[in-house]
Amino acid sequence: MYKEQIDTSRLPQHVAIIMDGNGRWAQQRGKVRTEGHSAGADNVHDIITAAAELHLGFVTLYTFSTENWNRPKDEVSALMNLLMKHLDGDLFMKNGVRFRIIGDRKRLPLFVREGVEALEELTKDNQGTCLVLALSYSSKWELTEAMRQMASEVASGTLSPDAIDEDVVSRHLQTSFMPDPELLIRTGGEQRISNYLLWQCAYSEFYFTDVYWPDFNREELYKAIVAYQHRQRRFGKTGEQIESEKKE
């Protein structure tokens with residue numbers, strides 16, 4: 001239904017998603033929270049396949065925040081095991097998907113760090129959609145790390161304070177290998193971005209939906225992209241300027 005409405009010449013090249021609502025999805029069905037996380041992880045496979053078929057450049061999923069380390073230890077352990085269970089190398093290779101992670105790798109359990117880095121290596125030459133997991137990630141952590149790196153470079157004399165501009169900051173971020181997201185989707189009914197890609201989302205279009213992540217299927221993704229394509233992205237200009245530039 002919605003796929004046919006998509007203008008493939010105007011696809012967002014980077015879609016960022018906050019996958020929210022797994023726990024509430026489970027509670028509504030009388031299940032434990034981990035079953036909701038499992039259903040949500042299963043859904044990632046469908047979204048990966050749909051993104052690859054559309055030839056989206058990048059899809060970034062907010063998988064586990066630095067704040068999530070404060071959850072009960074048994075839930076954190078279950079989430080880490082679930083993550084590794086669902087990182088299917090065959091699925092990535094079949095769809096030509098490249099895999100990357102952003103976040104504080106040092107805090108990840110060794111088996112997780114080794115697993116995700118092995119998948120990064122396996123898929124590094126794939127030319128299709130790049131799936132990025134924000135894992136042990138928060139934007140304030142990322143920006144703080146970038147500031148530390150720049151301060152160290154200034155102290156060592158390899159970076160002049162006068163040379164620091166938006167491009168320099170962007171190059172010091174975890175996301176330096178990809179464009180900023182044009183579209184940010186949050187499932188589950190909440191309307192906030194929860195410390196996610198704060199710098200990068202300066203000009204992103206936001207799409208909030210009440211649909212819980214386990215039910216956010218490919219048709220919901222298509223619906224979000226159609227909604228995005230109906231918006232006019234002005235970047236501080238007037239609507240008239242944008243329309244005039246289109247005609248030139």
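**Labels and their cut-offs**

Modeller: T175 lies in the loop between α7 (166-171) and β5. Helices (H or I, at least four residues) and strands (E, at least two) are DSSP runs, numbered from the N terminus. This is a predicted model: local features need pLDDT of at least 70, side-chain atom pairs count only at pLDDT 80 or more, and totals for chains, interfaces and linings use all residues. Residues are numbered from 1 along each chain as its sequence is written, and side-chain values use heavy atoms, without hydrogens and water.

Biologist: Why is T175 called buried?

Modeller: Buried means under 20% relative accessible area, exposed over 50%, and partly exposed in between (1.4 Å probe, protein chains only). T175 has 6%, so T175 is buried.

Biologist: What makes the pair T175 and Q200 a polar contact?

Modeller: The rule asks for a pair of N or O atoms within 3.5 Å; within protein, one must be able to donate a hydrogen and the other to accept it, and residues adjacent in sequence count only if both atoms are side-chain atoms. The side chains of T175 and Q200 are joined at 2.7 Å. Leaving aside neighbours within four places in sequence, T175 is in contact (heavy atoms within 4.5 Å) with I102, E142, L197 and Q200.

Biologist: Which class does W199 fall in, and why?

Modeller: W199 has 31% relative accessibility, so W199 counts as partly exposed. W199 sits in the loop between β5 (183-186) and β6 (205-208). A polar contact of 3.1 Å links its side chain to that of S170.

Biologist: And why is T66 called buried?

Modeller: The relative accessible area of T66 is 14%, so T66 is buried. Its place is the loop between β2 (58-65) and α3 (73-86). The T66 side chain makes a polar contact of 3.1 Å with the side chain of S138.

Biologist: Now the helices. What angle do α2 and α8 make?

Modeller: Helix α2 (residues 33-54) and helix α8 (residues 218-229) pack at about 50°, with axes 9 Å apart. That makes α2 oblique to α8. Angles under 35 degrees count as roughly parallel, over 145 as roughly antiparallel, 65 to 115 as roughly perpendicular and the rest as oblique.

Biologist: Which residues of α2 and α8 meet?

Modeller: D46, I47, T49, A50, E53 and L54 in α2 meet R218, L221, Y222 and I225 in α8. By class, this contact has six nonpolar, one polar and three charged residues.

Technical notes:
Axes fitted to C-alpha atoms, helices over the stretch in contact; angles between N-to-C directions. Nonpolar A, V, L, I, M, F, W, Y, C, P; charged D, E, K, R; others polar.
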